[in-house]
Amino acid sequence: MPKQRIKPSQREASIRKTDFKQVGFGFTKEEAIEEAKRCLQCLKPLCSTGCPVGINIPAFIKQIALNNTSKALTILKEKNNLPAVCGRVCPQENQCEKFCILGKKSESVSIGNLERFAADNAVEESATVNCVSKNMKIAIVGSGPAGISCGADLLKFGYDVTVFETLHLAGGVLRYGIPEFRLPKEILDKEIESLKKLKLKIVLNTLIGRTKTVQNLFDEGYKAIFIAAGAGLPVFPKIEGENLNHIYSSNEFLSRVNLMRAFDFPNYDTPIYRGKNVVVVGGGNTAMDSARTALRLGARSVKLVYRRTEKEMPARSEERIHAKEEGIEFLTLTNPVKFIGDEKRFVKAAECIKMELGEPDASGRRLPVEIKGSNFTIETDTVILALGLHPNPILPSLTENLQVDKHGYVVIDENLMTSISGIFAGGDIVGGSTVISAMGMGKKAAIAINDFLTKVQD
Amino acid sequence: MYKIISKKLLSPKIYNFLIYAPEVAKNAKAGQFIMFRIDDKGERVPLTIAGANVKEGWVRIIFQEIGKSTSHLACLEEGDFIKDFAGPLGKPTEIKKYGTVVAVAGGVGTAEILPVIKELKKTDNKIITIIGARSKDLIILEDELKAESDELFFATNDGSRGIKGLVTDILREVISNEKVDLIYAIGPAVMMRASADVSKEKKIPTMVSLNPIMVDASGMCGACRVVINGETKFACVDGPEFDAHLVDWEELYSRLTLFKENEQISLDKFKKSLEDGNCGCPNKE
């Protein structure tokens, strides 16, 4: 029998739900080495085929087993520009770990935790890019996972890369969306700093489309542009009362807390309402993040309302388990039909209806159908809507000839090139969904941009 | 960091700043706004652009000292820095020949209407400007308004300048005397609504520039949602200008009160720190 998978220790749910510190501690060195030794070092590793950025997984694990953490990180960074982030937020159970041969008989190697260990514990080797400068400027729109990953790879090809970010801090969804207890901002800062050392230029406070147009960028001498402007326009359910006070999109709620640090108001200027009876609508990772954040802001009760069953929830199982451990109540097969306000238009109740699963829909999941007459109300003082996002419309609407589909996603070809020659796009703006898939697209775009510019020159 | 290259007090509590932000200045157009964040702990605050100079690289903002962020901004001096200054944001005003345009502004909205009438004047519109203020001391930018207006009227609460009354009293008279093709109103929400109510009877197209609470101001968070003709819109992406006759004003009013208590806490804390002789400005060089 192979050895059991080692699980890193975690903070008690009752304690961790009172603050914003990380949930899991990560491997100790001894644990990491022992876990790394479980890896069979397959000759034809299936795990790597499940990695959207194609990390040589057995090779980095081998270095950890040999107590050579820095070498492990070097191998990770050959393919992954944000290993400390990915080690924490990637859905490994559906990617690399899903394919691990050990998983067939017992449990897969804990690849995500090993990645996190290497990224957190390696002594960073001198950051240099070993290549000849191509002396060509490339602009990246958006400093989220797609943009950063593309930018970093383009640096490695020898390009002069500038990333433009609308907000006052870099990182995109990693900055405003993912909470501190899943991804400490200190870790994100460190990853971004290490990319800056590689000469990645990041220009903040710049909304491409408004501050500068795409045409302005070409006029300034940029030879190619990668659009990774991310998601925008949160989806609202279009039901009565959805704009009552203290009904937030998850993006607003999380941005206030993560980006603006409203949990530390009035030390920080941005306020947040600390609801006591919170209702979160949705079943994705963002819904879990919102629910757990509300809890940490002091909610007595947090109810997660989802129209399907837990089985259909898009959230990672780890996040669901953590949420439940912390006391988030799941109300599945339930959907809000209207929100009720008090005389000052502050939300006081959510009227919901019970659902049952019908025939499968386009996504293959069974379509939830309302059960007539099953309405009931939940008392609440804060509602957070985590129902997904439409692609950000600003840049496409201000860029002539940039084609979008009927949902507003930028149309790309197999090389991620848009309808305009020299402009590529990836991440949420083309319909990506996870951090790592966005990073995968960023990498692919970097290769495509390099090919494109090489051809143009020839 | 963005340098304050000029600071002027226009009237009690209303300031005129020129901020060195050449990239913002380049594409700034009438009707658009910027977001500023004063320091690492600051909130993101929208302010309408009151002018820009591409050659000299500055953007003009005019603001009234009301809450914590504007009070903090007011205590900075020429040569100091603001941490973040992003823009231009929002859709610009549609500049074309309408015919006769009545521009209505109240309070600090006066500053915001200036670039709009300047552009509308250039496209051969007749500009009738109506300015409202509590008293004559609070009237700002009179010379500049005069230069861009064919007719200029004032309404003050105490009658110390122009008529004693409201901007809508003048508006009602103007639209009964001549054919007006567009009304453009900017200022406090109640004033914009009152203007819309007056023009509705005569079905005169009326635009207002809305000022809901914003966080990212780039279409990501939905804090600034407003209901226009029964449909939820985002002021930062779809606005800030909307057809005044389609705005759900009651909802806008209530959403503006969302953080009233917190705003007071923040302001009190700031005032206390001023009394203690420390405004906490890391912005001073």
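Asp269(A) forms a salt bridge with Lys68(B), the closest N and O atoms lying 2.8 Å apart; the term denotes a side-chain nitrogen of Lys or Arg within 4 Å of a carboxyl oxygen of Asp or Glu. Between chain B and chain A the count is two salt bridges. This is a predicted model, in which local features need pLDDT of at least 70 and side-chain atom pairs count only at pLDDT 80 or more, while totals for chains, interfaces and linings use all residues. Residues are numbered from 1 along each chain as its sequence is written, chains are lettered from A and ligands numbered from 1 in the order in which they are written, and side-chain values use heavy atoms, with hydrogens and water left out.

**Interface**

With contact taken as heavy atoms within 4.5 Å, 47 residues of chain B are in contact with 45 residues of chain A. The area buried between the two chains is about 3900 Å², of which carbon and sulfur atoms give 53%; buried area here is the accessible area (1.4 Å probe) that two parts lose on being put together, summed over both. Lys41(B), Met220(B) and Arg225(B) supply 18% of the area that chain B buries against chain A, more than any other three residues.

There are also 25 residue pairs in polar contact between chain B and chain A, both residues being at pLDDT 80 or more. A polar contact is a pair of N or O atoms within 3.5 Å, where within protein one must be able to donate a hydrogen and the other to accept it, and residues adjacent in sequence count only if both atoms are side-chain atoms. Several elements of chain B each supply at least two residues of the side that touches chain A, among them α2 (68–74), β7 (84–89) and α9 (260–275); helices (H or I, at least four residues) and strands (E, at least two) are DSSP runs, numbered from the N terminus. Of these, β7(B) gives the most, with six residues.

**Sheets**

Two strands are said to pair if DSSP finds at least two bridges between them. In chain B, an open sheet of seven strands has the order β11-β10-β9-β8-β12-β13-β16, with mixed pairing, and its edge strands are β11 (163–164) and β16 (241–243). Within chain A, an open sheet of five strands has the order β6-β14-β7-β8-β9, with parallel pairing; β6 (247–249) and β9 (329–331) of chain A are its edge strands.

Three bridges join β6(A) to the parallel strand β14 (residues 382–385) of chain A, and in β14(A) the bridge partner of Ser249(A) is Leu385(A).

| α5(B) | 167–177 | about 155° to β9(B) |

**Backbone geometry**

The peptide bond from Phe265(A) to Pro266(A) is cis, with omega near 5°, and Pro266(A) lies in the loop between α13 and β7 of chain A. Arg261(A) lies in the loop between α13 and β7 of chain A and has phi near 60°, a positive value in a residue other than glycine. In chain B, a cis peptide bond joins Gly87(B) and Pro88(B), with omega about -5°, and Pro88(B) is placed in strand β7 of chain B.

Note on methods
Axes fitted to C-alpha atoms, helices over the stretch in contact; angles between N-to-C directions.
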